[in-house]
Amino acid sequence: MKLSKEVVSLPVICISDGKEIGTVKSLIVNNEKGSIDFLTINHEDMEFNVKAIPFKKVIGIGEYAVTIESENSILNLTEIPVANELITRNVKIINTKVMTRFGKLLGDVYEFVIDEATGAIVAILLNVNEKQVVLDVENVITYGKDLIVVSEKAEDNFLTSMNELGGEQQTEELEGQLENIAQKQIDLLVGKKVQKDIVDEKGEVIIAENQVLTETDITKARNAGSHVLIEVSMNAVTE
């Protein structure tokens with residue numbers, strides 16, 4: 001799970017050619033589905049066209065970057081009517097007031113949590129009576145432009161920590177989704193050649209320059225840290 005602020009401003013890396021093609025500018029909310037459907041990006045063509053990545057085209061969201069397969073995953077918003085419709089709705093979530101369906105005002109949202117594998121909104125974080133609480137989206141009835149409407153029992157379901165979110169089944173499902181993402185990253189990099197030595201945090205070479213990547217190499221890079229895997233992605237080229 002990721003806080004929205006942990007995704008915004010991340011570099012976007014194209015795995016097919018190891019190129020950074022921009023940074024995440026904003027998250028476009030689908031209020032009917034309760035999900036993030038697109039990421040808008042700051043791109044070199046931003047002056048002329050607003051660029052966006054459909055969430056389904058995102059391979060992974062790590063600590064250091066968002067990865068996509070190729071620049072073909074980036075589209076002009078003018079070519080995506082559904083994205084323009086969502087932008088017009090202007091549902092932001094953060095700073096939106098939260099009210100029960102019986103009309104009781106609970107507080108306002110200062111952050112929200114997304115499933116980095118699917119884009120689904122998992123929870124909203126609220127300021128309530130000078131306290132910060134977590135509310136599972138199972139309690140949300142409507143995401144609106146001005147109000148988020150929740151069930152009348154939402155107050156009884158406030159959590160004090162994100163660690164309390166989800167059960168064992170949800171955790172297993174998320175782990176499975178993340179494993180699929182990891183395999184997709186491996187499939188895109190296997191067989192490519194690295195253009196420089198890849199080193200771990202201790203400065204030790206774990207993948208040598210001109211080495212053709214194997215699944216073992218990529219797993220080794222991932223285990224060394226997200227930033228090392230990004231370094232591999234940015235320096236891997238097709239032979």
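Analyst: In this predicted model, strand E5 covers residues 51-54. Lys 51 and Ile 53 point one way from the strand, while Ala 52 and Pro 54 point the other way. The residues on both sides are buried, where buried means under 20% relative accessible area.

Next come the pairing partners of E5. Strand E4, residues 35-42, runs antiparallel to E5 and is joined to it by 4 bridges. Within this pairing, Lys 51 of E5 stands opposite Ile 41. E5 also pairs with E8, again in the antiparallel sense, over 2 bridges. Here Ala 52 is the residue that faces Leu 75 in E8.

A loop residue also belongs to this picture. Ser 73 sits in the loop between strand E7 (66-68) and strand E8 (75-76). Leaving aside residues up to four places away in sequence, Ser 73 touches Ala 52, Ile 53 and Pro 54, together with Lys 57 and Ile 68. Ser 73 has a relative accessibility of 6%, and it counts as buried because that value is under the 20% cut-off.

Ser 9, in the loop between strand E1 (2-3) and strand E2 (11-14), is exposed, with a relative accessible area of 54%. Glu 130, in the loop between strand E11 (121-128) and strand E12 (131-136), counts as exposed at 86% relative accessibility. Ser 9 is not a glycine, yet its phi is positive, at about 85°. Glu 130 likewise has a positive phi, near 65°.

Key: Residues numbered from 1 in each chain as written. Predicted model: local features only at pLDDT ≥ 70, side-chain atom pairs only at ≥ 80, totals over all residues. Heavy atoms only, no water. Buried < 20%, exposed > 50% of the residue type's maximum accessible area, 1.4 Å probe, protein only. Contact = heavy atoms within 4.5 Å. Pairing = 2+ DSSP bridges.
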